[in-house]
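Please guide me through reading this structure, one feature at a time.

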Amino acid sequence: MATVNFRLRSKANKNVSIKIYLSLWRGNVIEMNTGFTVNPKDWSNDTNRPKQNTAENKVVFNNLKKLESFIFHNLNKDLGDSVVIDAFWLDSKIIECFNRVEKTDTGLIVNFLQDLIDNSSTRKVKVKGGYKLGLSKSRKNSFESTKNIIREYQSKTKKQVNFNDINETFIDKFTDWLMKTKNYAIATASKHIANVKTVCNEAERKGVQVNAFAKHIVIFSERDEDRFIHTLSFEELEIIGTAEITSEAYDNARKWLLLGCEFAQRGQDLVLIKKEDIRYKSGNMYLDVIQHKTKKAVTIGIIAPHVIQIIENGYPYKISTQKLNLYIKKVCEIAKINVMTEGKIYSKQTKRKELVFCEKHKLITVHSFRRSFCTNYYKLIPTPVLMGISGHSKESIFLKYINKPVDKDDNADIYMKFYETINKEKKPKMVLLPNGTED
């Protein structure tokens, strides 16, 4: 049975380092500095901990207690995952427990990432028309995730990653580990690689020596044919809207679903919309939304009769996106949205999304709302109008979002359609005379 304990290596009359030693089995003991110090006269040989006779020693005592618990927790987890438990592992867990980073070595990518995270509120970010101050919460979390995954990779390879190490071989091996060992989806692995490239560019701008290959890192993405986009058609929405649902919670979720497929907003924005946010002008309904992710202001014209009915006769009460994701699956199941469909579902066993062939209702999520709007109205309404409602900035991104190829004839078709509408009642005034006429 593994044991964790602490000891001093010196009896000098001054503060000395406190060592942690991890005994895995007889003869296999790993020892490492904890980073904490104490005067030997304040050390208890009975408890192998500092005496709690001063406020400072109490802090050290509690930190050692925290470290012991953290080591045991991660030891049990990593032994189950066949992780090598050695001095490098113990050192990395001490750093992780107290979120320590050596600020002196900017050549280490995790150090630079930590510095970027620590100063995220003052980082200048390029936006349309200039710069803004501060990383978004999601961007900061993304860098934090990449920092932690690189730390884990360092623990596996027993080597710290320096900016000079970011060559083609490293990127290939790191990508392979992300995809095959961690079983990450293509999009997740790609995001980590993109963050590595971003931080390499940032480091080089600040004078850190970076491997020349970093500029040539290729950011891969999921092929369109491998993406699974699940939407609800107009017909399916009608079936859902008329299905008999007796549960108040499920009926509330149905209302959000029907509103979401017309409002075209992300889940986090959708559930914050209140009835009071609807405004009236000249007998028409409008909804103004500032999108949380992009800070874009969009205005939605509300004209669908079933949406107006929900707004005026029973606006849904607030719900978290997590619960909404669960409830709408049940709503779609009750409505018999059961066509067998290929897609990816999160597995509790593997903690990853796995490809399955199942009833469509199991694959519907809050994100299906926005995609349903864009897909259903595509080519029925000019794409720029749809983009103004959904908040997409580029047509290429919009088309990729709904998995549609670029249609070269699209704009020409729309022009001819509107030309016919504009000139339907007009009589032709321009007459071309044949060549050779004397008039």
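**Reading surface, helix and charge pairs**

Q: Which residues form a nonpolar patch on the surface?

A: Patches are made of residues with over 30% relative accessible area and no salt bridge, where like charges are joined within 9 Å and nonpolar side chains (Val, Leu, Ile, Met, Phe, Trp, Tyr) within 5 Å. Here Tyr415, Met416 and Tyr419 form such a nonpolar patch, and together they have about 360 Å² of accessible area, computed by the Shrake-Rupley method with a 1.4 Å probe, where for residues only the protein chains shown count as cover. The model is predicted, so local features need pLDDT of at least 70 and side-chain atom pairs count only at pLDDT 80 or more, while totals for chains, interfaces and linings use all residues. Residues are numbered from 1 along each chain as its sequence is written, and side-chain values use heavy atoms, with hydrogens and water left out.

Q: Why does tyrosine 415 count as exposed?

A: Buried means under 20% relative accessible area, exposed over 50%, and partly exposed in between (1.4 Å probe, protein chains only). Tyrosine 415 counts as exposed because its relative accessibility is 55%. This tyrosine 415 is found in helix α15, residues 410-422; helices (H or I, at least four residues) and strands (E, at least two) are DSSP runs, numbered from the N terminus.

Q: What span does helix α6 reach from its first C-alpha to its last?

A: The expected span of a helix is 1.5 Å times one less than its number of residues. Helix α6 (residues 186-205) has 20 residues and reaches 29 Å, close to the expected 28 Å. Glycine 207, which follows α6, has a positive phi near 90°.

Q: Which helices do the buried residues of α6 pack against?

A: Contact means heavy atoms within 4.5 Å. The buried residues of α6, among them His192, Ile193 and Val196, pack against α3 (109-118), α4 (137-157) and α5 (168-181).

Q: How many salt bridges does a search of the whole structure find?

A: A salt bridge is a side-chain nitrogen of Lys or Arg within 4 Å of a carboxyl oxygen of Asp or Glu. The search finds 22 of them. In one, glutamate 31 pairs with arginine 9, with the closest N and O atoms 3.1 Å apart. That pair links distant parts of the chain, 22 residues apart: glutamate 31 lies in strand β3 (residues 28-38), and arginine 9 in the loop between β1 (3-8) and β2 (16-25).

Q: Is glutamate 202 buried or exposed?

A: Glutamate 202 is buried, because its relative accessible area is 11%. Its salt-bridge partner is lysine 206, the closest N and O atoms being 3.8 Å apart. Lysine 206 is exposed, at 55%.
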